[in-house]
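Here are my notes for your first look at this model. Keep the structure open beside you and check each point as you read.

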Amino acid sequence: MEAKKCWVTLATAKSYVQGVICLAKSLMRVKTKFPLLVLMLNLEGGETDITREDYDELIKLGSSYHFQFIYIKEINRVRSNATRYIWERFRNVSTKLRVWEVEGYDLVGLLDADMCIMHNMDELLELDLDDNTIAACHACVCNPLKINMYPANWIPENCAYTNGPIHPASASQAPITNSESYFNSGLIILRPSKSKFNEIHDHLLNHENPDSLLFEDQDLLNEVYKGNWIGLPYVYNALKTLRKCHPLIWSDKSVKNVHYILDDKPWKEDIEKMRAMTVDERSDIWILNNWWWKVYKDEEWKDEDFEDVTN
Ligand SMILES: [Mn+2]
């Protein structure tokens, strides 16, 4: 029997609903052959601030964009002190672990809702993985914005991309991946399994120092899969900060999936105001945000929307 495969994302908070909509549109735009499953928290029960209207909009979109919904329960925080969350938007990211419980699929591509697919990347769901191995992209640990809550060892010397392959090889070759490597959990290719879910969940519940999990699910998963993950080229989880921080690896046209990390999500930007600005007035990430907005508003990308920053 042929293996069943799908993409999965989560709709856990109102602030990410526009992200889910755009992610779904972007997947359809690149003609993926795989369905998108949206894991949703129940409206009742106080686990989410998503409203009935938001749900209705998603469901309406789902019928035209061929995605499906699965209802899940929140995974509660294990923090001894809830105020120690690095950012409030990380409040229920551990709920992401529910993807390991997805039933009926042999291989899943987990996508954060703050991503936009630029080129078809169905090849990721052709990877041959066992139950104890995942595939993911390296995090950038340069800390280019000098965020002082980031770990002290997050410096360019320790970043996989500093010594990684540069453009054009970077589009098809991952940086060196070894037992010291650290991945970003925005895109993960995995085989769902109840026993693996239990193992990860137990690791969370019995964690000796949950306060040390600064990046929540990402740190937890890096502990569980230490030395057991396959590195993918940056193009599959192109962190928006890489464009400026590692210009030698980046090429606009090569990027398959942009990850709009950090707090300034594209949907929070006033796109009409941005478009009215001159090139010099626009922010560094204007180009990337514009790609997102074009998908969200069902507009075509044009050649001038892409620059080759390595030139
Ligand atoms: Mn994200």
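Is Lys146 buried or exposed? Point 2 has the answer.

1. **Ground rules.** The model is predicted: local features need pLDDT of at least 70, side-chain atom pairs count only at pLDDT 80 or more, and totals for chains, interfaces and linings use all residues. Residue numbers start from 1 along each chain, as its sequence is written.

2. **Lys146.** Lys146 is exposed, because 8 other C-beta atoms lie within 10 Å. The cut-offs are these: a residue is buried with 20 or more other C-beta atoms within 10 Å of its own, exposed with 12 or fewer, and partly exposed in between, with C-beta atoms placed from the backbone. Lys146 sits in the loop between S6 and S7. Helices (H or I, at least four residues) and strands (E, at least two) are DSSP runs, numbered from the N terminus. Look at the backbone here too. Lys146 is not a glycine, yet its phi is positive, about 55°.

3. **A cis bond.** Stay with the loop between S6 and S7, where Pro168 lies. The peptide bond joining His167 and Pro168 is cis. Its omega is about 5°.

4. **Strand S6.** S6 pairs with strand S8 (residues 229–232) in the parallel sense, over 4 bridges. Two strands count as paired if DSSP finds at least two bridges between them. Find Ala135, which stands opposite Ile230 in S8. S6 also pairs with strand S7 (residues 183–190), here in the antiparallel sense and over 4 bridges. There His138 stands opposite Phe183 in S7.

5. **Side chains in strands.** Keep one rule in mind when you view any of these elements. In a regular strand, side chains alternate between the two faces of the sheet.

6. **A β-α-β unit.** Which elements make a right-handed β-α-β unit? They are S2, helix H2 (residues 52–65) and S3. Right-handed means that, with the strands pointing away from the viewer, the path from the first strand over the helix to the second runs clockwise. Strand S2 (residues 36–41) and strand S3 (residues 67–72) run parallel, joined by 6 bridges. Leu36 stands opposite Phe67 in S3.

7. **Leu10.** Strand S1 (residues 5–11) contains Leu10. Leu10 is buried, because 25 other C-beta atoms lie within 10 Å. Leaving aside neighbours within four places in sequence, Leu10 is in contact with Leu39, Thr95, Lys96 and Ala113. Contact means that the two C-beta atoms, placed from the backbone, lie within 7 Å. How far is Leu10 from Ala136? The two are 126 residues apart in sequence and 18 Å apart in space, C-alpha to C-alpha.

8. **An open sheet.** Three strands form an open sheet in the order S5-S10-S9, with mixed pairing. Its edge strands are S5 (115–117) and S9 (238–239), and each pairs on one side only. S9 and S10 pair in the parallel sense over 2 bridges. Ala238 has Val258 in S10 as its bridge partner.

9. **Leu262.** Finish in the loop between strand S10 (257–259) and helix H6 (271–276), where Leu262 is found. Leu262 has a positive phi of about 70°, although it is not a glycine. Leu262 is partly exposed, because 15 other C-beta atoms lie within 10 Å.
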